Amino acid sequence: MKTVIPVEGNDVLAAVRGFLKQLLERGGVEAVLAPMVTPAGAVTPALVSDAAALDAVDPLAPVMGLNAARVVGPVSIREPRGRIAVVLRPCEMRALVELVKLQQASLNDLVTVVIDCTGTYSVPDYDALRANGGVDRAALMAAMATGDLVPQDGFTFRDACEMCEKPHAVGADVMLELFGADLSAGIPVTLPDEMAQALGLSAAEGSGTRVQVVDKVVAARTKVRDARFAEIRQQMDAEGIEGVFASCVRCHNCMTTCPICYCKTCLFKSPIFDHEPIQFMNWARRKGAYRLPADTMLFHLTRLNHMVLSCIGCGVCSDACPADLPVARVFRAVGQQTQAVFEYEPGRDVTEPLPLITFTENEWTSVGEER
Amino acid sequence: MTDEQFEPKIVAFLCNWCTYTGADLAGTSRIQYPPNVRIIRLMCSGSVDPTYVLKALLDGADGVLIGGCHPGDCHYQSGNYKARRRIVALKEILKQAGLDEERVWLRWISASEGQRFADTVTQMTEALKAKGPNPMRQEWAV
C-alpha cells in the first residue's frame, strides 16, 4: 500500500524517527537496526530496542563507512532471534539479498526498510563537514524533489555514489520514496497493508514524479559510471591489473570491509600461504626477484573470482584502501561484464540462484568440445 | 630466448575418471605427444579451484589445461557442468583484468579418447608457441 508520512516543520528526519518509533511500538517489531549517532557524533549501525533511543537514529545522515548488510547477518542468521526492522540504503539492501543467498543472513523475522539515497560522503569528509559548520541536510532533502543532488562546496560524494545507478529503494518491505517528493509536505511510503493497518496509516499518493526523477538521476549516474568504467578498462588493458593494483600493501582491508566477502576461513587467512622459507628462495631464483608479501595479484584475482558476480557496488573497499587504489571501480567494471555473461544482477531477486551454484545442461555447449 | 627454443609449459588439471585415464590410454597406446604438459590428477574437473589456475598463470605457466568428462558423463553427475560455469567466469574475469584468457583451455576428453588427449596437447603446445612465453614468467612484482 502507498501512504504518506506527515512531515512537520520541514523536519524530515523527525518524521522518519517518528515512523520508526511507531514501527517499534505498534508495527510488530522488537528492535530497529538503523544508523545511529554516537555521543561523539559518529554514525554507526545500532540495534535499538528502546523507543526513546530512536531519537538518536539518523538514517538520512549522508555518510557511509561500512555496508550495514554485514551486521544484519549476525542478528538474523539463526533462531532464536528478534523480529527486527532493518533500515538500509539501496546498496545495503542489495548486499543483504546476496548474503541471504550465500546463507549468511536470513530475511525471516526481518522487516527491511529502504530509503532512497541522497548519496554519501566518506567518513573523513563527513567528519570534516561536521567540524566545519555541519552538513546541509535541508539542501539535500530539498534536492531529492528534483534529483539535482550536489555535494557541499569543496567536497565530493563517494566515488561509488557518484556512479551509483541504483540509488532508489526497490524490493524492500517498506520503502521511503524520497525521490520526486516535496518532503516538506510528507514522505511517500510503500509498505505492506497489514503494517499500514497496525500503524493506523491510510492510503495516500505522493506527488507522482518519483519515476521521472529516478530516471533522470539514473541516466546522469550511468553516464558518470560508464565514463569511469571506460577509464579503468583502458588502464587495465594498458597496464594489466598488476599495474592498477601495483601499490597494494596487502592489508586486506578491501576484503574485510566487503559485505560479500564473508568467508570465515578465507583462503588468504589460511596456512596455505605459509610456505617453507626455501620455497621463497626458489621463487626468487626463478624470477630473479620476488615481490613480498607474495601472491598479491593472486589475492585480487581470487577475490574477483569469489565475489565479483555478487558485487553490488557499495564502494566500501575503495574507502578502506590505505593506498587509495580504485578497488571499487575495478570490481564494478569487471563485475558488470562478468555478471552480464550470466545475465545476473546481484541484489535483484532473492529467489534467483547465484550463478556458480546452478547450471543447466544446455548452456555453453561448445565450451570444451573444441577440436 | 628465441622463439625456436621456446618450449611452453602447460599445467594440466585432469579429472581422475575421464581425462586422466584418457591421458593414460594415450601413453599405453604409444601415441606421441609433446612433453610440454605437467599433469596434476584431481578427482573431478569440478574440484579445480579457479585459484589453482590463477596461481599457475601468475607463477609463469604458459598455459593451463583443464580436462574433464564430457557433459552428461561426470562420475559425480554434475561436477563438469559446474566446472564449465566456473571456467566461463574465470576467463571473462581474466579478459577484463587485462590477462590472456586464451592461455586457459577447458576440454572434455573421455577415458577412451587417448588420441583426442594427444591432439589437444599438441594443439595447445603449438598455440602457445605461437603466442610466446607468458609475460608473468618474468614479472617479479605480481
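**Figure 1. Where the two domains of chain A meet.** In this predicted model, 25 residues of domain 1 of chain A are in contact with 23 residues of domain 2 of chain A, contact being C-beta atoms, placed from the backbone, within 7 Å. Domain 1 covers 2–211 and domain 2 covers 218–357 of chain A, with the bounds taken from an automatic or database domain assignment. Their C-alpha centres lie 29 Å apart. On the domain 1 side, the elements giving two or more residues are α2, α3 and α6 (159–162) of chain A; helices here are DSSP runs of H or I with at least four residues, strands are runs of E with at least two, and both are numbered from the N terminus. The biggest giver is α3(A), with ten residues. Sorted by class, this side has 13 nonpolar, three polar and nine charged residues (nonpolar: Ala, Val, Leu, Ile, Met, Phe, Trp, Tyr, Cys and Pro; charged: Asp, Glu, Lys and Arg; polar: the others, Gly among them).

A word on conventions: residues are numbered from 1 along each chain as its sequence is written, and chains are lettered from A and ligands numbered from 1 in the order in which they are written. As this is a predicted model, local features need pLDDT of at least 70 and side-chain atom pairs count only at pLDDT 80 or more, while totals for chains, interfaces and linings use all residues.

**Figure 2. The largest nonpolar core.** This core has 145 residues, and L20(A), V32(A), A85(A) and L96(A) have the most contacts inside it. A nonpolar core is a set of buried Ala, Val, Leu, Ile, Met, Phe, Trp, Tyr and Cys residues joined through C-beta atoms within 7 Å; buried means 20 or more other C-beta atoms within 10 Å of a residue's own, exposed means 12 or fewer, and partly exposed is in between, with C-beta atoms placed from the backbone. Helix α3 (residues 90–101) of chain A brings the largest share, seven residues. Domains 1 and 2 of chain A both give residues to the core, so it lies between them. Zoom in on V32(A): leaving out residues up to four places away in sequence, it touches L20(A), L23(A), L24(A), V48(A), L54(A), V57(A), A85(A) and V87(A).

**Figure 3. The seven-strand sheet of chain A.** This open sheet runs β1-β7-β6-β5-β4-β2-β3 (chain A), with mixed pairing; two strands pair if DSSP finds at least two bridges between them. At the edges stand β1 (2–5) and β3 (43–48) of chain A, each with a single partner strand, so one side of each has no neighbour in the sheet. From one strand to the next, the twist averages 25 degrees (axes are lines fitted to C-alpha atoms, for helices over the stretch in contact, and angles run from 0 to 180 degrees between N-to-C directions). Four bridges join β1(A) to the antiparallel strand β7 (residues 187–190) of chain A, and T3(A) has V189(A) as its bridge partner there. Helix α1 (residues 12–26) of chain A packs on the sheet, its direction making about 155 degrees with that of β2(A). Helix α2 (residues 69–76) of chain A lies across β2, β3, β4 and β5 (110–115) of chain A, at about 170 degrees to β4(A).

**Figure 4. The four-strand sheet of chain B.** Here the open sheet has the order β2-β1-β3-β4 (chain B), and the pairing is parallel. Its edge strands, β2 (37–42) and β4 (104–108) of chain B, each pair on one side only. Strand β1(B) has six of its six residues buried: I10(B), A12(B) and L14(B) point one way, and V11(B), F13(B) and C15(B) the other. Six bridges tie β1(B) to β2(B), where C15(B) stands opposite L42(B). Five bridges join β1(B) to β3 (residues 63–68) of chain B, and L14(B) has G67(B) as its bridge partner. Helix α2 (residues 50–58) of chain B lies across β1, β3 and β4 of chain B, at about 155 degrees to β3(B).

**Figure 5. Chain A against chain B.** Across this interface, 35 residues of chain A are in contact with 29 residues of chain B. On the chain A side, α11(A) supplies the largest share, seven residues. That side divides into 20 nonpolar, eight polar and seven charged residues.

**Figure 6. Two cis prolines in chain A.** The peptide bond from E79(A) to P80(A) is cis, with omega near -5 degrees, and P80(A) is in the loop between α2 and β4 of chain A. The bond from L292(A) to P293(A) is also cis, with omega near -5 degrees; P293(A) is in the loop between α10 (277–287) and α11 of chain A.
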